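Here is a briefing on one protein model. Look over the sequence and the structure, then read the points by topic.

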Amino acid sequence: MNHPAELIVHNAHVHTVDDRRPRAEAVAVRDGRIVWVGDGDGWHDFAGPGTEVVDARGRLLAPGFIDSHNHVRLGSDAACVQLAGAADLPEIGRRIADWLRRNPDAEWIEAEAFDYSAIGGGRMPTAADLDPFTGDRPAFVLSYDVHTAWLNTAALRRLGITARTGELAFGTVRKDPATGEPTGFLTDFAVRGLSRDGHRALRAAGVPWAAPERQYGRLCASLDLAAGFGLTTVVEPQNSLDDLALFERAAAEGRLRSRLVAALFHPRGTTDADLAEFAAAARRHDTDRFRVGPLKLYIDDVVEPHTAALLEPYAGHSHRGETFYPAEEFAGVLARLDAAGFQAFVHATGDRGIRTVLDAVEHARRVNGPRDARHQVVHVECLDPADVPRFAGLGVVACMQPRHCSPDIAGPGRDWAEAVGEQRWSKAWPMRSLRDAGAVLAFSSDWNVAEMDPLVGLYTAVTRQGLAGGEAWVPEETVPLADALRGYTLGSAHANFLEDRLGSITPGKLGDLVLFSEDLFAVDPKAFLDARVDLTVVGGEVVHRAG
């Protein structure tokens, strides 16, 4: 034997996610890589005076989680009014009032995570809803999914938004159909406001949320959470070239403890010169710790405000949403990116949006020839059964967020379920159907749209119940724990071309591990919510230790 291992975990239930050896009792990591997986006392051969030896006492040891869609750069902002869980307008008002008492000199009121359902009546919010709580101080409020923004009258004035305003760099201004005046509601914020031009415009307008230091603070806080939740690799799915300096700073200051893959945002109108810059950035950043490369695109928006693209009209309406590109144009865009060797992450929530993406991948394969591109459809919220087998057939990865399908977020009585109508509920997040059809599932949190904790995602994938329990929603689409863990590990590794080095506990792979507080396979799924990660290991280094 060479020099001793730096870390050994023994007396564990080792769930390897390696079909050649699904279970073991002990693992040794040396020089950042797994050197031995086995049973009994064989680990003693790898121990030395400097080895950290962890007795797992029967707890579950699994590969490190790979969160395949996690907005760590956007994150949650402690400087904002926190509206998560605010069920109605009066509660929103109370939280804003409490925040103002603590921040009497704030120039702006900024808030995050408002739920569309809090407005009531199935309508979207207006400046008039916000004005009684905010007065003459400008207010900027983001929805829980960060796809829409809500402004008060003072913010409309500060930002110069009037009846004559068309598209903004950071959103689409919704207007009252009777008066033509802006309502205070902005859609397409994720597409515009999170873009390079959108962020620059918000900074120029003096919105504090968009300032680089605020961004860096959110990034660091999110990275700390990631390590604590066992996320050894994070995929940050939407960044401009401006944002890469934040990750470089985090790495230089020792804040980047998890590995990170950064996708670059490809808005409509991206030029060949932009693509050349993207490719150059990918060449500059290509290590096991920080990699740049995939491209993020949108084909549609979100279901709740009726901006996702559906095959049939929204329940009780005559419209069915729009795609951001005509289908033929999008097929050409994807074929061009595919021919240039790029991997595409495409946001698609509605069944027509998803079909448009699959059609585009099919077109790209036809004109370019098939290749192992691993293009992703991200979210896959409402999927027509006819398109389920196309994922495996086209080699498209289903990047999904199990927590989003929880009945307390999207189910009966919530805006998502009511918008699509009960006749389409069977299409909601069809994880099991995709798995059965041979698709690769890559699971993720979509933080801060939902909780970052993968244990919450595992619980929802296995039960499709709310956090308080109760009736499951579309229970036929649950998946077993082993499949849910695969989605968070080897599935996400495959989705990001990392399966040769990550995603399973296999000799030769990087030593990324997570040790839980108990054996999840031996407890009721409800107990997942009370479990924790005791150790997070990245390349043999313990980056989080409970307590």
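Cys 220 is buried, with a relative accessible area of 4%. Buried means under 20% relative accessible area, exposed over 50%, and partly exposed in between (1.4 Å probe, protein chains only). This is a predicted model: local features need pLDDT of at least 70, side-chain atom pairs count only at pLDDT 80 or more, and totals for chains, interfaces and linings use all residues. Residues are numbered from 1 along each chain as its sequence is written, and side-chain values use heavy atoms, with hydrogens and water left out.

**Cysteines**
- A disulfide is counted when a pair of cysteine sulfur atoms lies within 2.5 Å; the count here is zero.
- Cys 80 is in no disulfide, and the nearest cysteine sulfur, in Cys 220, is 16 Å away.
- That distance is too far for a bond.
- Cys 80 is buried, with a relative accessible area of 4%.

**Helix α10**
- Helices (H or I, at least four residues) and strands (E, at least two) are DSSP runs, numbered from the N terminus.
- Helix α10 covers residues 351-368, 18 residues in total.
- Its buried residues include Ile 354, Val 357 and Leu 358.
- The buried residues of α10 pack against α9, β19, β20 and α11, where contact means heavy atoms within 4.5 Å.
- Gly 369 follows α10, with a positive phi near 90°.

**Sheet**
- Six strands form an open sheet with mixed pairing, in the order β3-β2-β7-β23-β24-β25. Two strands pair if DSSP finds at least two bridges between them.
- The edge strands, β3 and β25, each pair on one side only.
- Strands β24 and β25 run antiparallel, joined by four bridges.
- Leu 535 stands opposite Arg 545 in β25.

Terms used:
The expected span of a helix is 1.5 Å times one less than its number of residues.
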